[in-house]
Amino acid sequence: MTDHSSQTPASKSGGKVEEITSTANPRIKWIKGLGLKKNRVQENLFVAEGLKLVTDAVDGGWTVRMLVHARRLLEDEALNQPIGELAAKVRARGGDVLITSDKVLTSIARRDNPQMVMGVMEQKFHDLSSVKPADKDVWVALDRVRDPGNLGTIMRTADALGAKGVILVGETTDPFALEAVRATMGSLFHIKLFRASQHEFLQFAEGWRQNGGQIVGTHLKGAVDHRSLDYAAAPHILLMGNEQQGLTDELAQACSNLVAISMAGQADSLNLAIATGIALFEMRRHDLPSMGGTI
Ligand code: SAM
């Protein structure tokens, strides 16, 4: 297939603009390859789809290496301006802009990406040693979370409820997989992400507790109702178990308290993301703004 791409050099410090009309273009093939975890890890990059997510990434200071969008957006009255502004920001920070035909973009985007916008950006994990017990802060830790949809939903919920960050413990699903990124609805770019082996987390947990922090584990056999603790009395980590196996014994033993979320029906347990939302809401209740109005 002939590649009809053309390159337009940008200003000296800025990224380039490239027009691509062939699905065989090497950069298009390379972006497609980022669908695989091994390539994402090797390149330390990932892909986010949609104008909102890429804008959130740029505004949040994330490094966007490439903005890819369909040419027809430039003729779209509603999208022309936001895409132009986004492209200018990406180029000003050294990222490239690829303008493609619909066919090319469709070959690398998910079918339900009607805005035909994608960004290729650098992964970012923060250092766990920067997490210190302070004020009434709440952090979320997840033991071996497996499902990318659960992880993305938890990051979105943690962001919405004002948690300080999410700590991934042990072997987890990739937070930079497209499904996880999508489920965050942009919160990936607003909330800090950490990772640790179980051993590293246990060492960190010891220091956290010695410095006045609490760790609350949610457990089906929790001895305490999750609503009975005073979460405003100390900084807390909310520790959630794996979808199939719950918390490991070692992690459960590292908790200051193991709490249960009461249930009334026939279900054995709650979905992990739902349980995180319920527990986190209770922990953050003291600091959440009132929505006003009483009956
Ligand atoms: N079979 C697993 C078990 O025995 O723990 C069920 C795990 S559940 C689907 C996933 C996680 O959500 C649990 O490890 C726990 O952290 C949390 N969870 C779900 N329902 C809960 C409840 N009713 N009380 C406390 N934690 C719950």
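1. Basis of the note. The structure is a predicted model, in which local features need pLDDT of at least 70 and side-chain atom pairs count only at pLDDT 80 or more, while totals for chains, interfaces and linings use all residues. Residues are numbered from 1 along each chain as its sequence is written, and side-chain values use heavy atoms, with hydrogens and water left out.

2. Overall make-up. The protein chain has ten helices and 13 strands, where helices (H or I, at least four residues) and strands (E, at least two) are DSSP runs numbered from the N terminus. Its C-alpha trace spans about 65 × 50 × 40 Å along the principal axes.

3. Helix α10. Helix α10 covers residues 272-284, and its 13 residues should span 18 Å at 1.5 Å a residue, which agrees with the 18 Å between its end C-alpha atoms; the expected span is 1.5 Å times one less than the number of residues. The helix is mostly covered, as ten of its 13 residues are buried, including L272, L280 and M283 as well as the charged-type residues E282 and R284. The cover over these buried residues includes β7 (138-143), α6 (148-160), β10 (214-218) and β12 (236-240).

4. The start of α10. N271 caps the N-terminal end of this helix, with a side-chain oxygen 2.8 Å from the backbone nitrogen of A273; a polar contact is a pair of N or O atoms within 3.5 Å, of which, within protein, one must be able to donate a hydrogen and the other to accept it, and residues adjacent in sequence count only if both atoms are side-chain atoms.

5. Helix α3. In helix α3 (residues 51-59) the buried residues are L51, L53, V54, D56, A57 and V58, and they pack against β3 (45-49), β4 (64-70), α4 (80-92), β6 (117-122) and α7 (178-184). Just after α3, G61 takes a positive phi of about 85°.

6. Residue S187. S187 is found in the loop between α7 and β9 (192-196), and S187 is buried because its relative accessible area is 5%. Leaving aside neighbours within four places in sequence, S187 is in contact with M155, R156 and D159.

Definitions and conventions:
Buried means under 20% relative accessible area, exposed over 50%, partly exposed in between (1.4 Å probe, protein chains only). Contact means heavy atoms within 4.5 Å.
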